[in-house]
Amino acid sequence: MPLRLAGLAIAASAMAYSATANDAPAAGAGFDVVSYDVDLRPDFSELSIAGSSTIRLRAAEDGLQVLVFTDNALIFDRITVDARPVRVRRDGKRLVLDLPRPLRTGRTATVRAAFHGQPRR
């Protein structure tokens, strides 16, 4: 049975950062989290997890184009923003998501991710 954790940041799998295309990522800059919904299925014998997360966020700055998360070694099976697939790339210890369209200040977006693996921490 899945372990349901509402209000838990994707920190179970990643810590949120944000950036615009030409700026260095800064913790908590660029967006405010409106809500989190995380489902985790732990496998204690394998020391692994599988699950999904939904993050609803609101742009705190105009033209938000990129979301950056710490990588945490999980495998992401699928990531969408507003139900659209997004370009995802790894940059060192970061997971970078290119938004399908820049967000204006106050606009919301929903990030959904399915993941599995052995967390680093």
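Colleague: Which element of the protein has the lowest mean pLDDT, and which has the highest?
Modeller: This is a predicted model, and the protein averages a pLDDT of 79, with 75% of the residues scoring at least 70. Over residues 1-24 the pLDDT is below 50, although this stretch has 75 contacts in the model beyond near neighbours in sequence. Where pLDDT is low, the predicted coordinates should not be read in detail. Among the elements, the lowest mean, 36, belongs to strand E1 (residues 3-6), and the highest, 96, to E5.

Colleague: Which residues have the most contacts inside the largest nonpolar core?
Modeller: In soluble globular proteins, nonpolar side chains tend to be buried together. In this model the largest nonpolar core has 23 residues, and the elements that give two or more residues to this core include strand E4 (31-43), strand E5 (48-59) and strand E6 (64-70). Strand E7 (75-81), strand E10 (94-103) and strand E11 (108-117) also give two or more. The residues with the most contacts inside the core are Leu-67, Ile-79, Leu-97 and Val-111.

Colleague: How far apart are the C-alpha atoms of Leu-57 and Val-34?
Modeller: Leu-57 is found in strand E5, and with a relative accessible area of 1% this residue is buried, because the cut-off for that class is under 20%. Leaving aside neighbours within four places in sequence, Leu-57 is in contact with several residues, among them Val-34, Leu-67, Leu-103 and Val-111. Leu-57 and Val-34 are 23 residues apart along the chain, yet their C-alpha atoms are separated by 5.1 Å.

Colleague: Is Ser-48 buried or exposed?
Modeller: Ser-48 is found in strand E5. Leaving aside neighbours within four places in sequence, Ser-48 is in contact with Arg-41, Pro-42, Asp-43, Gly-117 and Gln-118. The relative accessibility of Ser-48 is 17%, and because the cut-off is under 20%, this residue counts as buried.

Colleague: What is the distance between the closest N and O atoms in the salt bridge of Asp-62 with Arg-104?
Modeller: The structure holds five salt bridges, and the one between Asp-62 and Arg-104 links distant parts of the chain, 42 residues apart. Asp-62 lies in the loop between E5 and E6, whereas Arg-104 lies in the loop between E10 and E11, and both residues are exposed. The closest N and O atoms of this pair are 3.9 Å apart.

Colleague: Where is Arg-101, the partner of Asp-82 in a salt bridge?
Modeller: The closest N and O atoms of Asp-82 and Arg-101 are 3.4 Å apart. Asp-82, at 26% relative accessibility, counts as partly exposed, and Arg-101, with a relative accessible area of 36%, is partly exposed as well. The pair links parts of the chain 19 residues apart, with Asp-82 in the loop between E7 and strand E8 (84-85) and Arg-101 in strand E10.

Colleague: Which residues are linked with Asp-98 in a network of salt bridges?
Modeller: Side chains of opposite charge can pair when their charged atoms come close. The side chains of Asp-98 and Arg-89 meet in a salt bridge at 2.8 Å, N to O. At 18% relative accessibility Asp-98 counts as buried, whereas Arg-89, at 30%, counts as partly exposed. The residues linked with Asp-98 in the network are Arg-87 and Arg-89.

Methods:
Residues numbered from 1 in each chain as written. Predicted model: local features only at pLDDT ≥ 70, side-chain atom pairs only at ≥ 80, totals over all residues. Heavy atoms only, no water. Core = buried A, V, L, I, M, F, W, Y, C linked by side-chain atoms within 4.5 Å. Buried < 20%, exposed > 50% of the residue type's maximum accessible area, 1.4 Å probe, protein only. Helix = DSSP H or I, 4+ residues; strand = E, 2+ residues; numbered from the N terminus. Contact = heavy atoms within 4.5 Å. pLDDT = per-residue confidence, 0-100. Salt bridge = Lys/Arg side-chain N within 4 Å of Asp/Glu carboxyl O.
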